[in-house]
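Hi,

Here is the structure I promised to pass on. Have a look at it first, then read my notes below.

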Amino acid sequence: MAVTRSFMSPFSSLAIFPIDDRDSSPEALAMLLHPKYQDLIVSSPALPLPSESPSPEPKPLECFGRHFPLAPGRCLEEYGAFYVGGSKASPNSDLDPDLSRLLLGWAPGQPFFSCCPDTGQTQDEGVRAGRLRARRRYLVERARDARVVGLLAGTLGVARHCEALAHFRNLTRAAGKRSYVLALGRPTPAKLANFPEMDVFVLLACPLGALAPQPSGSFFRPVLTPCELEAACNPAWPPPGLAPYLTHYADLLPGSPFHVPLPPPESELWDAPDVSLISGELRPPLACRPLNDPGCSALTPRPQLELAESSPAASFLSFRSWQGLELRLGQTPVTEAVSGRRGIAIAYEDEGSS
């Protein structure tokens, strides 16, 4: 659950976000806090409503996968947060995607506190929020350095997922990167380790599942959200601190108030130099890569003065210690065929019984 501005003053605003229904209902908690807070709102999960039962009331604000019934003239940036959730059995809330989603998207200047229902202990989440934001900015730098991006189709039942895949494929192509669409279901470290050619992965899922369920350190390659890929590949995206953190890919598509279109090819934004904060090397301007070219085909000279078509996958293969069986055409002597062993692996005919 969450709260607004300062819950230490009786004149502050308060917004309650129930994460799970325990013994006490959020309405009962709201009744206890109403005398102290003049502006108190209760949030609920943004579940799809039946289309045959339209509501005459105005649709509440939907953000972070939750509904916020704000009063006219109020904005969510005016509220602080008080999260009630988690369990004593899992004190590490860094693994809680619901809390992480709120910490990343909440206004940095507003207080954020959490409470564990099992123990009743509260703590200030400002330090944890700063650590999470620093981690996500690091992932944006990893996406800018990446050459091959894996788009994980985490859901096929949410609206506009095909449009989102097309949008991010065009986005990576404009940034000079190669992208592959992978439908693997729920992402796990074992599944993603089968694709070592990918530099980063981007998970396209519903707002409640946008963040990876496992700790990011357990994956062979980092798993990003669509908002972080947009920040890495779109030069017109606002800088950190000014851009909102969006958890739903539909907010990045055309028609959304948060959509930022790609600048035209002749824009100076494509020519701006950029330095990698991870390797310290100067990234080439995106304008050097033609927008109508996938950016993956080129002619590369070999030591034998041969020309061959290279790609990110071929470049990855060239640096591996084992590249598969060698053909060695014309170098193997010709021999006559001989009879092989007969039987099964545990008992060949020419083997004695032990």
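What is the strand order in the open sheet of 3 strands? The order is S3-S5-S4, and the pairing is antiparallel. (Strands are DSSP runs of E with at least two residues, and helices are runs of H or I with at least four, both numbered from the N terminus; two strands pair if DSSP finds at least two bridges between them.) Strand S3 (44-45) and strand S4 (61-63) are at the edges with a single partner strand each, so one side of each has no neighbour in the sheet. S4 and strand S5 (residues 66-68) are joined by 3 bridges in the antiparallel sense, and Leu-61 has Phe-68 in S5 as its bridge partner.

A quick word on the source: this is a predicted model, where local features need pLDDT of at least 70 and side-chain atom pairs count only at pLDDT 80 or more, while totals for chains, interfaces and linings use all residues. Residues are numbered from 1 along each chain as its sequence is written, and side-chain values use heavy atoms, with hydrogens and water left out.

Next, helix H4 (residues 161-174). Its buried residues (under 20% relative accessible area with a 1.4 Å probe, protein chains only; exposed is over 50%, partly exposed in between) include Leu-165, Phe-168 and Leu-171. Among the elements covering the buried residues of H4 are strand S10 (178-182) and helix H6 (226-233), with contact meaning heavy atoms within 4.5 Å. Just after H4, Gly-176 has a positive phi of about 80 degrees.

Finally, the cysteines: there are 0 disulfides, counting pairs of cysteine sulfur atoms within 2.5 Å. Cys-162 is exposed at 54%, whereas Cys-227 is buried at 4%.

Cheers
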